[in-house]
Amino acid sequence: MNGVTNIKRTKCVNDVRNAYGTSQARERGAMSVLTALRSTSRIQPATAAGMIGKAVCLLIFTWLFVWPLGMLIYGAFSSSPLAGNPKWTLSGFERLINDPNAYEALGATVVYAVVITVLSMAVAIFMATVTTRMDVPFRRLITPVMVILVAMPTVLYSLSWAMLGAGQTGMINRFLDALGLDFLAETFNTRSWFGLVLVTVLKASALAYMILLGAFRNQNAALEEAARIGGASRIRSFIGIELPALLPALGAASLFIFVKGLEAFETPAVLGLPAGINVFATQIYDYLRGGYEADYPAASASSLVIVAILAVLVLLQLKLTGGGKTFTSVGGRAKGADLRKPGKWTGSVVAGVMFFIVVALILPIAQVILSAFQPYLGASELTLQNFERLLNTPSVMNALETTIIVSTIGGLLTVILALVVSFAFVRMKGRLGRYIQLASWVPAAMPGLVLGLAFLWSVLMTPGTKTIYGTVWILVIGLAVATVPLATRTLEGALAQIGVDMEEAARISGDNFLRAFGTVTVRLLVPSLISAWFLVAITMSGILDVPILLGSANTEMIATVSFGFYSSGETVLASALYVIFTCAMAGLAAAAFVLWLIARTIIRRRASQLRGEVEGVSA
């Protein structure tokens, strides 16, 4: 019997060693190996605790993702959720049908989404082509710039452009005036359809670029070579052969940007509302402006319209992407295309890249920093009075504290939920896994403003949850649900690269599922989990539509406070607030990095000791 046990132990050690590969990786897996050596029993069947855990998981995901949609439907046929005795009504649909502004807003939203999709995809394809195909200067700057653009809060980005093109006081206007272009200086205004489309395209092109980059990099070079052998030029080869081969990725990215255009709120609210431009999201916001007098039935009915449209588009997106799979061309050669010099077009390509970097990133950041030190927008002198005023305002400091708490705790909750969803996508094949997959896509089919309204109905109409209304926890949960699709896309690919053999080795040794998953898979996912946490935290800090409905006077976030400053004409205070927040987040990130270095040093020392014990057992 002891001989059989030793054989099993030796096999377990070898399996885990082969799975981890290098000695450095074996150090990371040492704890998992020792856990695997504690027992040699078979993987245990589902226990009562496991069944209870699945039931709890099912209830949590239903309440977080599915129940708000049901409550939104209920709200469309009910009076205000704030009323003592809500009544059944069709007033919301009646107002929506009889409101000409709703039809105008819906038509404007569709046109807006189509335009930004076409322009954003053109920019993204150009930038991805330069990055993966062309040997030109500054091409390595494109990806970091796009990452920063994706991470930059939308409210802050929109505010910066509202200041850049603010008439005579705008930085761009003054620059044009200095060049003697008086007519352009007087007419350039970002609070217009031009500004709304421009700013959205700059931000959306970064999203499209990040989606397309992998497909461009993984495309087989044999396609181009075959076309060139057949006598096609490089341009004809690219347009006629390579781009058609990328149609699945291009279609998925285009649909993603189109969906983002339909549900956009922050940029239209900042740049569109002052110019009288109304899209469907701001139309819903108009129904909700009245507080206790808000028309919740009309807002809910309008929300159902946009949810129905987005649901069809999201299902189409899932079909195009195969449920999250990446489309790449596979041939006899896996080598990507070689970098080529564009010849006489080199100067034009470099100029286009640098123009995009300056316009999309450098100008907005410079405007925010400069205006934070100005007593008023366009002033020639610099001062610290904006920071002094903000630091001495308790409500602003409370908003800063709330934002940090919500971003940190909400980001952690989002990563946990996204890890479960990613596991369902990659590993779970049963009904529960499929249900979690479908439930997780419900927020993707609901614009932030609609999701906030749906979650508000859910909290107020569910027994026992009214207590979190008006607290920071409703923001934590609401924003976590809103950002789960983003975190899921970040973690799904990393989880798919980790084989199940390491978990199986630990479970064969007697570990339960949670322990095996935590000690093996989660440990290897730590870098991706940290990256997703950071990305989600930054994204949460810039979301306006969800906090504007779920927040209260005591739980405002900097997005809502800065939007209030902008609406009241105190834009410089909004800039100073974001500078303070950025410094605070940078300080917290630095402190977390130092703690991580200390923890890693301690873990490495302990792992070194455990590796010696493992090698002793295997010997």
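Biologist: Which helices do the buried residues of H9 pack against?

Modeller: They pack against helix H8 (154-164), helix H10 (182-187) and helix H18 (346-372). The model is predicted. H9 spans residues 171-178, and its buried residues are Met 171, Ile 172, Asn 173 and Leu 176. Gly 180 follows H9 and has a positive phi, near 85°.

Biologist: What makes up the secondary structure of the protein?

Modeller: It comes to 29 helices and 0 strands. Of the 619 residues, 48% are buried. Among contacts between residues at least 6 apart in sequence, 78% join residues at least 24 apart.

Biologist: Which residues have the most contacts inside the largest nonpolar core?

Modeller: Leu 149 and Leu 212, in a core of 160 residues. Leaving aside neighbours within four places in sequence, Leu 212 is in contact with Met 121, Ala 124, Ile 125, Ala 249, Leu 250 and Ala 253. There is also a second, separate core of 7 residues, including Tyr 112, Ile 116, Leu 196 and Val 201.

Biologist: Why is the pair Glu 263 and Lys 260 called a salt bridge?

Modeller: The cut-off is 4 Å between a side-chain nitrogen of Lys or Arg and a carboxyl oxygen of Asp or Glu. Glu 263 and Lys 260 meet at 3.5 Å, N to O, so the pair qualifies. Both residues sit in helix H14 (residues 247-263), 3 residues apart, which separates them by about one helical turn.

Biologist: Is Glu 263 buried or exposed?

Modeller: Buried means under 20% relative accessible area. Glu 263 has 13%, so it is buried. Lys 260 has 36% relative accessibility, so it counts as partly exposed.

Biologist: How many salt bridges does the rule give?

Modeller: The count comes to 2. Glu 570 and Arg 389 meet in a salt bridge at 2.9 Å, N to O. Glu 570 lies in the loop between helix H28 (558-567) and helix H29 (571-618), and Arg 389 lies in helix H19 (residues 385-391), so the pair ties together parts that are 181 residues apart in sequence. Glu 570 is partly exposed, with a relative accessible area of 26%. Arg 389 is partly exposed too, at 45%.

Biologist: How do you know that Glu 266 has no salt bridge?

Modeller: The nearest side chain of opposite charge is Lys 260, at 8.6 Å. The cut-off is 4 Å, so no salt bridge is assigned to Glu 266.

Biologist: What does the side chain of Glu 266 reach?

Modeller: It reaches the backbone nitrogen of Leu 544 at 3.1 Å. A polar contact needs N or O atoms within 3.5 Å, so this distance falls inside the limit. Not counting residues up to four places away in sequence, Glu 266 touches Thr 154, Val 155, Ser 158, Gly 542, Ile 543, Leu 544 and Asp 545.

Biologist: What makes the phi of Phe 138 worth a remark?

Modeller: Most residues other than glycine have a negative phi. Phe 138 is not a glycine, yet its phi is positive, about 70°. Phe 138 lies in the loop between helix H6 (100-133) and helix H7 (142-151).

Biologist: Why is Phe 138 called partly exposed?

Modeller: The class runs between 20% and 50% relative accessible area. Phe 138 has 42%, so it counts as partly exposed.

Conventions
Residues are numbered from 1 along each chain as its sequence is written. This is a predicted model: local features need pLDDT of at least 70, side-chain atom pairs count only at pLDDT 80 or more; totals for chains, interfaces and linings use all residues. Side-chain values use heavy atoms; hydrogens and water are left out. Helices (H or I, at least four residues) and strands (E, at least two) are DSSP runs, numbered from the N terminus. Buried means under 20% relative accessible area, exposed over 50%, partly exposed in between (1.4 Å probe, protein chains only). Contact means heavy atoms within 4.5 Å. A nonpolar core is a set of buried Ala, Val, Leu, Ile, Met, Phe, Trp, Tyr and Cys residues joined through side-chain atoms within 4.5 Å. Lys and Arg count as positive and Asp and Glu as negative; His and the chain ends are not counted. A polar contact is a pair of N or O atoms within 3.5 Å; within protein, one must be able to donate a hydrogen and the other to accept it, and residues adjacent in sequence count only if both atoms are side-chain atoms.
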